[in-house]
Amino acid sequence: MNIHEYQAKGLLKQYGAPVLAGGVAYTAAEAVDEAKKLGGPVWVVKAQIHAGGRGKAGGVKVVKSIDDVEAVAKELIGKTLVTHQTGPEGKEVKRVYVEDGCAIKSEFYLAILLDRASGQLAIMASTEGGMDIEEVAEATPEKITTITIEPATGLQPFHCRKVAFGLGLEGKAAKECQKVVASLYKSYTDLDAQMLEVNPLVLTEADEMVVLDAKMSFDGNALFRHPAVRELRDESEEDPKEIEASKYELNYISLDGSIGCMVNGAGLAMATMDIIQLKGGSPANFLDVGGGATKERVTEAFKIILSDDNVEGILVNIFGGIMRCDVIAEGVVAAAREVSLSVPLVVRLEGTNVELGKQIMADSGLPIISADDLNDAAEKIVKAVKEAG
């Protein structure tokens, strides 16, 4: 789950991270009120969407008068902001964050995330704050300092010192940086975050560190432990299909391809997507119906896949263990009838009650293409989609 910048800063402030005063506004009038509370003389008006690159897209403006605060807020609220992370369709700005300005001496990049290669948390820091870290990694990788942290010991003072020295900081600035790193790490671990990115982390003219921007995402499986964080969810920023899927406990992620996938088990779902790609197709989604799906859940999963206009064919790949093949077959048939299926459908079933499942589909009278194995299924759906196209 992702949250907005102002929400992330609210959480980080509770852990002692240095953030500037600010307030969220849903209208230009509210933006003016927030600016007056701050006092000025410099304000920053920031569009709030779940995407990076807002500054380059014109979503962050520094202003020096109340009139300009109002004008910028009017310009941004309701605007569709297109960044390198939103895709060409962009995202509508529904609120802005009005924040105090500050005198910036230097800008840095700092992030905490899971390093899957080592199974440890990692702190990434760079002197190239304000830039996309991908660009820095490609052009000047030597400017990135990466520190992995053993979970058994946790963050130690020497980790914080390595970050500060890696950023070239000395004296008061180095000490301030170490405090910031400690507060960010504690917030990350306490709140079960998946990623915490501060870009930029700035050093002011007074040699004080400030978290000038913040992006946080959280492990959805841990949100039951953090009701306050769960309340920060903004469904208007999420894919409606993914929201609908969550209501039925379906693991669904929308992708850019044309072949919809319905699979039981995350590993099998990944393998299914890979072989579709290998055979010349492209998956339209990741969808794991789980091991104990009911006929109703399968029907809803089918409907969610078909709600994507890009879907030109569907591959159902089920290995029946806990999940029975006849239940899947009943759900597929029910869904296909309910939505008046108009795209090719290939189904590969194996495992518990597989013969009964195949019989249910054969007796349905629907144009369902049966497959013997995963390789056969992938070849058939890619061929069927190309022929239909």
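1. Strands here are DSSP runs of E with at least two residues, numbered from the N terminus. The model is predicted.

2. Start with the second largest pocket. Its space comes to about 320 Å³. The lining has 14 residues, and Tyr-188, Ala-193, Gln-194, Met-195 and Asp-219 are the closest to the centre. Strand 10 gives the most to this lining, with three residues. Strand 10 spans 193-204. Strand 7 (104-115), helix 6 (171-190) and strand 12 (215-218) also supply at least two residues each. By type, the lining holds seven nonpolar, four polar and three charged residues.

3. Next, the largest nonpolar core. It has 42 residues. Val-163, Leu-169, Leu-184, Met-216 and Phe-218 have the most contacts inside it. Helix 6 gives the most to this core, with eight residues. A second core is separate and has 32 residues, among them Ala-245, Cys-325, Val-333 and Ala-335.

4. Look closely at Leu-184. Leaving aside residues up to four places away in sequence, Leu-184 touches Leu-12, Ala-17, Leu-110, Ile-112, Leu-196 and Val-198.

5. Why is strand 14 (residues 259-263) largely enclosed by the rest of the structure? Five of its five residues are buried, so the strand is largely enclosed. Buried means under 20% relative accessible area. In a regular strand, side chains alternate between the two faces of the sheet. Ile-259, Cys-261 and Val-263 point one way from strand 14, while Gly-260 and Met-262 point the other way. All are buried.

6. Strand 14 also has a partner. It pairs with strand 16 (residues 313-320) in the parallel sense, over five bridges. Val-263 stands opposite Asn-317 of strand 16.

Methods: Residues numbered from 1 in each chain as written. Predicted model: local features only at pLDDT ≥ 70, side-chain atom pairs only at ≥ 80, totals over all residues. Heavy atoms only, no water. 1 Å grid on protein atoms, 1.4 Å probe; cavity = no way out; pocket = protein on both sides within 12 Å on 5 of 7 lines; lining within 4 Å. Points joined across faces, edges and corners; volume = space filled by probe spheres on them. Helix = DSSP H or I, 4+ residues; strand = E, 2+ residues; numbered from the N terminus. Nonpolar A, V, L, I, M, F, W, Y, C, P; charged D, E, K, R; others polar. Core = buried A, V, L, I, M, F, W, Y, C linked by side-chain atoms within 4.5 Å. Buried < 20%, exposed > 50% of the residue type's maximum accessible area, 1.4 Å probe, protein only. Contact = heavy atoms within 4.5 Å. Pairing = 2+ DSSP bridges.
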